[in-house]
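Trainee: I've just opened this one and need a quick tour. Can you help me get my bearings?
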Amino acid sequence: MTGRARLRVDPIACDARGLCAEVLPELITLDDWGFPIILARDVPPGLRHEAAEAVRLCPTLAPRLDHTARDR
Amino acid sequence: MNTVDSDRPGVNAAELRAGHLPRLLPARIWGGPASLAEHLARHGPLPAIGRDAGSRAEFIAEVGRAGLTGRGGAGFPTARKLHAVATGRDVPVVIANGTEGEPASAKDKVLLAREPHLVLDGAALAARMVGAPRAIVVVHDAVREIVDDAAAQRRRARLDRVRVTVMTATGGFVAGEASALVNWVGHGIPLPTAVPPRVSERGLDGRPTLVQNVETLAHLALIARHGARWFRTLGTPAEPGSMLVTIIGAVHRPGVYETEIGRPVSEVLDLAGGPAAALAALLIGGYFGTWLDPATVGALPFSAAGLRPAGGSPGAGLVAALPAGACGLTETARVARYLAAESAGQCGPCVFGLDSIAGELEALAAGRRFDQARLRRWLGQVDGRGACHHPDGAVHMIRSALDVFAAEIGRHARGWCRGTRSPGVLPVPPRRAP
Amino acid sequence: MSTVAAAGSQNLWFLSRGSGLVLLILFSAVIVLGVATRTGSAPRRWPRFAVAELHRTLSLFAVALLVLHVVTAILDPFVTIGWAAAVLPLASPYRTLAIGMGALAVDLSGAVLLTSVLRQRLGQRTWRAVHWLAYLAWPAAFIHSLTAGNDLGIWWVALAEAGSAAAVAAAVLARVFSRSRGEPPSGPPRPASAREVLRVR
């Protein structure tokens, strides 16, 4: 996989359903109120699939995975 | 002398041209708005800059040389913003931000109430600079009529080549945030939207939008008349010019004053007659600002660079003096509860986090059981987790309170409080109907 | 020849009725799971993503079964329905209203399916607006199941119908009175529902 994939969550769309933290616990943990905290923005290649699943599964489409070209 | 003296007779145009204070505010504190005729007598007409792209770019460069930065609290370089909007992909629009949602701050209201034409000059000028056919001036309800009248005077005199509209702001705390302002003007919803894209790229109606504080626009109108070098005769090389400050609390003459940037904090307090009592702390910047120890900060320059070592910044120019007889924890708890209630309500960590944090601070202020580790954990969880900087600002202010009032926390834990006067140094508006 | 044809036609008829009944049960289960996904009211030990995925998987299975149901019903020579009647509510000469309800259910479910498949491209708001149509599709399917067939006399068919209706009614009530999700994992007392407190976009 080339390039970087950065994970972020749209805080307005997020409704703390918690699915993202279930499928990507390595990168997403929940705060005291059930909202996701992204532990590391860059998604390592080994977790790209899970990150895409988190984006697909979220009922409110809050997570975003931004693919950027490899940094100069 | 670089102070505003309310007993001095009206400053003449020669002194203004020489770069002295007051620049924005008239010397006489009491009085109504300057009429168009009075404004033109004091400042002269606005130069006809910007007939072609070349002169517009040249003026933006002049603003860059002047080093003007935003006076709404963020301090972003104005020339850079003008350039970004002017070179946008669509016909831009200008929004003058006079909402002043900060309850303790009054500088924008006073500026609009006394010198509306200076602000309108700046708005029309900024619109010409970026190629916008329209400027919308959003003001606090208290000064709406004055600004309306001023705009009408200009229309009758056919003064401006752009269309200037005046709107009232809602008065909410977050309403002055750039995307919230665009949302308010465009859709009547005073709530921030998720950024990206920035409003300077895509804002009102999807156009590049210049959102500028009204004080910044007033400075712009003066730079157009007197130039960058004139602007730099006051202030520091890194932060030139003058700024308006609102000084409240335990001072002899609370009010709005104009000061050059970089003078010592203690001298800024002297503008308002100096402290009226021994001070426990200063809140500098606004409700997103920093609590500071007056003993250590009094000698520091009132500028971003000067206050940075102490962890503070001038922000939107608020200086609140907390007397020794007041309880800083109670004041902080009241402000925290206000900030929690003023959340746009769109992002969970802000809505729930600030609510929990305010509750914990209220418990602390009331002498009930207080879990500082849990509070600090919550502050860390809320910081930076919203769509706008509302939670970040609140967290910063509260963290500074925990530092400055550490001794008071210890006293409260043992059941004592040194506050003898009733709370309310920091104004907190009553809860508005939703 | 004619007995073979008659037997073949019987098979189509059985397939159509049978798939119809299973479809009703499946569709009802999909609604219940959808509400469970939305309200977070599934058993605590079930991961939320599992409930969401089960909802999605069962709905896709139901679509496949729906194709079978429609095709067998139309191919069945015993009654004349015509292909148009699968999607046009008033196109069937046989039991126009009953089949029409089925066609309505097909149309609405089709819209829900299409927008769900394209959800990431269409965006949340469009997807959500169309997804509400599921609450219209189920009653249409239910009325179709009551009026388009003749099997209500069989006790277990009636039981399946009643059970499905009860399950969906319970789910709808739960949705109407819902908190948007269950208790947070830990933490301070908080307002009842994020959805109620957070502004709806």
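Trainee: Start with α14(B). How many of the residues of α14(B) are buried?
Mentor: 13 of the 14, so α14(B) is largely enclosed by the rest of the structure. Keep in mind that this is a predicted model.

Trainee: Where is that helix, and what span should it have?
Mentor: α14 covers residues 328-341 of chain B. At 1.5 Å a residue, its 14 residues should span 20 Å. The end C-alpha atoms are 20 Å apart, which agrees.

Trainee: OK, zooming out. How many helices and strands are in chain B?
Mentor: Chain B has 18 helices and nine strands. Its radius of gyration is 21 Å, close to the 22 Å that the globule rule gives for 434 residues, so chain B is as compact as a globular protein of that length.

Trainee: What does the C-alpha trace span along its principal axes?
Mentor: About 70 × 50 × 35 Å for chain B. As for burial, 56% of the 434 residues count as buried.

Trainee: And contacts? What share join residues at least 24 apart?
Mentor: 71%, among contacts in chain B between residues at least 6 apart in sequence.

Trainee: Switching topic. Which domains is chain B divided into?
Mentor: Domain 1 is 32-231, domain 2 is 242-321 and domain 3 is 328-413. The C-alpha centres of domain 2 and domain 3 of chain B lie 22 Å apart. Their contact takes 10 residues from domain 2 and 10 residues from domain 3.

Trainee: Which strands supply the domain 2 side of that contact?
Mentor: β7 (279-284) and β8 (290-292) of chain B each supply at least two residues to the side touching domain 3. β8(B) gives the most, with three residues.

Trainee: What classes of residue are on that side?
Mentor: The side of domain 2 of chain B that touches domain 3 has six nonpolar, three polar and one charged.

Trainee: Back to β7(B). Is it mostly covered or mostly open?
Mentor: Mostly covered. Six of the six residues of β7(B) are buried.

Trainee: What does β7(B) pair with?
Mentor: Five bridges join β7(B) to β9 (residues 318-323) of chain B, and the two run antiparallel. There, B:L282 stands opposite B:A321. β7(B) also pairs with β8(B) in the antiparallel sense, over three bridges. In β8(B), B:T290 is the bridge partner of B:I284.

Trainee: How many residues lie between the strands in the hairpin of β7(B) and β8(B)?
Mentor: Five. Look at B:G285 in that hairpin: it takes a positive phi near 115°.

Note on methods. Residues are numbered from 1 along each chain as its sequence is written. Chains are lettered from A and ligands numbered from 1 in the order in which they are written. This is a predicted model: local features need pLDDT of at least 70, side-chain atom pairs count only at pLDDT 80 or more; totals for chains, interfaces and linings use all residues. Helices (H or I, at least four residues) and strands (E, at least two) are DSSP runs, numbered from the N terminus. The expected span of a helix is 1.5 Å times one less than its number of residues. A residue is buried if 20 or more other C-beta atoms lie within 10 Å of its own, exposed if 12 or fewer, and partly exposed in between; C-beta atoms are placed from the backbone. The radius of gyration is taken over C-alpha atoms; the globule rule is 2.2 Å times the number of residues to the power 0.38. Two residues are in contact if their C-beta atoms, placed from the backbone, lie within 7 Å. Domain bounds come from an automatic or database domain assignment. Ala, Val, Leu, Ile, Met, Phe, Trp, Tyr, Cys and Pro count as nonpolar, Asp, Glu, Lys and Arg as charged, and the others, Gly among them, as polar. Two strands pair if DSSP finds at least two bridges between them.
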